[in-house]
Amino acid sequence: MELTVLGLSFTLLLILGVPVAFAIGLSSIATIIVAGLPVAVVFQKMVGGMQVFSFLAIPFFVFAGELMLYGGIADRIVRFANSLVGHVRGGLGMSNVVGCTLFGGVAGSPLADVSAIGSVMIPLMKKEGYDADYAVNVTTHAALVGAIMPTSHNMIIFTLATSGIASVSILSLILAGLIPALILTLCNLGAAYYVAVKRGYPTHGRFPGWGEVFRSFGAALPGLLVIVIILAGILSGAFTATESASIAVAWALAITVLVYRTLSWHNFLKACAKACKTTGVVLLLIGISSAFGYFMALYEVPQLTGELMKSVSEKPWVIFLMINLLLFILGTFLDMAATILICTPIFMPIAMQFGMDPTQFGIVMLINCALGLNTPPVGSVQFVGCAIGGISVGQVMRTIAPFYGALGICLMLVTYVPAFSLWLPSLVK
């Protein structure tokens with residue numbers, strides 16, 4: 001009875017348009033009342049869920065990304081990307097993919113990525129004769145790489161969502177995401193080139209020479225070094241993964257204020273306000289999801305879901321495919337952090353039961369959640385891209401298939417070839 005109330009009330013509240021955090025909280029309270037337990041249990045679980053030292057990394061990583069967004073780093077990254085691949089067919093699309101990947105590594109947020117690179121590249125591509133739907137699809141799919149880069153705060157959320165299920169270190173997850181990020185970038189480049197050739201987009205000028213490539217790389221290097229600093233610092237033991245987030249903030253301030261001198265006081269305040277807002281939303285979700293997760297464990301939701309899946313098939317590849325499909329569907333309705341917090345306790349034990357490593361599952365989860373960011377009805381990355389491009393979501397969805405295909409190839413490789421996500425972590429171990 002209690003499990004039925006939990007599931008139905010949560011689903012109904014989502015359908016009615018109630019924000020995810022409040023839908024989780026209200027459904028938890030409804031379940032508590034039906035079960036006859038004290039309502040204080042919900043608040044105890046909420047407070048306990050947020051009192052984790054590692055959560056300090058979340059506001060710092062978010063703040064670092066916002067400083068990068070408002071500090072003018074995107075323009076230099078775009079110049080470097082354009083000098084590198086801008087001369088091939090569909091060159092601006094290729095430059096867009098490379099630029100989004102590099103900025104995603106710096107900012108760690110698909111939404112910040114599409115806001116920064118998209119505001120530069122989408123209008124430029126339209127001006128040069130590229131169709132608006134192509135410009136938006138290239139940008140929004142390339143921006144998703146930020147979800148599996150070292151500065152992604154969603155990796156921190158995933159490691160904390162695994163508490164009590166398996167031990168997943170943030171270092172292993174950061175290393176596990178590097179090769180899938182490269183694969184996803186290559187798949188996006190392939191999709192961008194395929195569509196450019198199919199539509200007959202022209203080349204734009206000649207290769208500017210390695211001199212220009214090195215000059216533009218030198219200009220973008222201070223911003224890109226944040227990835228190197230985080231990885232080198234954690235691997236050497238100079239600082240922990242949590243401390244690396246504060247190092248990222250200090251580095252972002254140093255380069256935007258002292259090196260580039262592009263961060264105005266007004267933009268600094270905007271970055272602070274945006275970081276506070278995002279952090280508040282994420283921590284609220286984490287706290288309330290702790291209560292929600294308590295009820296899912298209490299009423300054995302993971303076990304029941306696993307039994308249901310095994311009734312369909314006991315072949316690992318079928319189970320993994322079903323997990324991917326369910327994560328994708330849920331990701332289209334929920335925000336990324338909410339999907340991670342709700343679905344990890346349900347699907348991770350099932351994936352582990354059928355032989356998937358917890359770290360590998362983390363990358364699979366993050367890629368699925370990223371795909372949800374670019375799919376209606378809640379696709380925030382897609383909505384931002386469409387707003388910049390001045391085009392409707394419906395028009396973009398009609399030509400999205402090659403880009404979905406690229407992301408699907410990456411997801412299948414990471415799901416069924418463990419070495420892509422586990423090779424680098426195994427070297428460190």
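**Group meeting: a walk through the predicted model**

Okay, let's start at I227, which sits in helix α12, residues 210-236. Helices here are DSSP runs of H or I with at least four residues, strands are runs of E with at least two, and the numbering goes from the N terminus. Before I go on: this is a predicted model, so local features need pLDDT of at least 70 and side-chain atom pairs count only at pLDDT 80 or more, while totals for chains, interfaces and linings use all residues. Residues are numbered from 1 along each chain as its sequence is written, and side-chain values use heavy atoms, with hydrogens and water left out.

Back to I227. Is I227 buried or exposed? Buried, with a relative accessible area of 16%; the cut-offs are under 20% for buried, over 50% for exposed and partly exposed in between, using a 1.4 Å probe and protein chains only. Skipping residues up to four places away in sequence, I227 touches G105, V106 and P150, where contact means heavy atoms within 4.5 Å. And I227 and A23, 204 residues apart along the chain, have their C-alpha atoms 36 Å apart.

Now zoom out. We have 22 helices and 0 strands in the protein. The radius of gyration is 21 Å, close to the 22 Å that the globule rule gives for 429 residues, so the protein is as compact as a globular protein of that length. That radius is taken over C-alpha atoms, and the rule is 2.2 Å times the number of residues to the power 0.38. Along the principal axes, the C-alpha atoms fill a box of roughly 70 × 45 × 45 Å. Of the 429 residues, 55% count as buried. If you take contacts with a separation of 6 or more, residues 24 or more positions apart account for 80% of them.

Next stop, T256, in helix α13, residues 241-259. T256 has 0% relative accessibility, so it counts as buried. What does T256 contact, leaving aside neighbours within four places in sequence? That would be L67, G71, I73, R261, T262 and L263.

On to the rings. Phe, Tyr and Trp rings (the six-membered one for Trp) pair if their centres lie within 6.5 Å; planes under 30 degrees apart are stacked, over 60 edge-to-face, and the rest tilted. That rule gives 9 aromatic pairs. One of them is Y130 with Y134, stacked at 5.8 Å centre to centre with 10° between the planes. Both partners are tucked away: Y130 is buried at 3% relative accessibility, and Y134 is buried at 1%. Ring pairs also link Y130 and Y134 with Y201 and F403 into a cluster.

There's a charge over a ring, too: R76 lies over the face of Y260, 3.9 Å from the ring centre. To qualify, NZ of Lys or CZ of Arg has to be within 6 Å of the ring centre and within 35 degrees of the ring normal.

Last, the cysteines. How many disulfides does a search of the whole structure find? The search finds 0, with a disulfide being a pair of cysteine sulfur atoms within 2.5 Å. C386 is in no disulfide either, with the nearest cysteine sulfur, that of C100, 14 Å away. As for cover, C272 is partly exposed at 22% relative accessible area, whereas C386 is buried at 5%.
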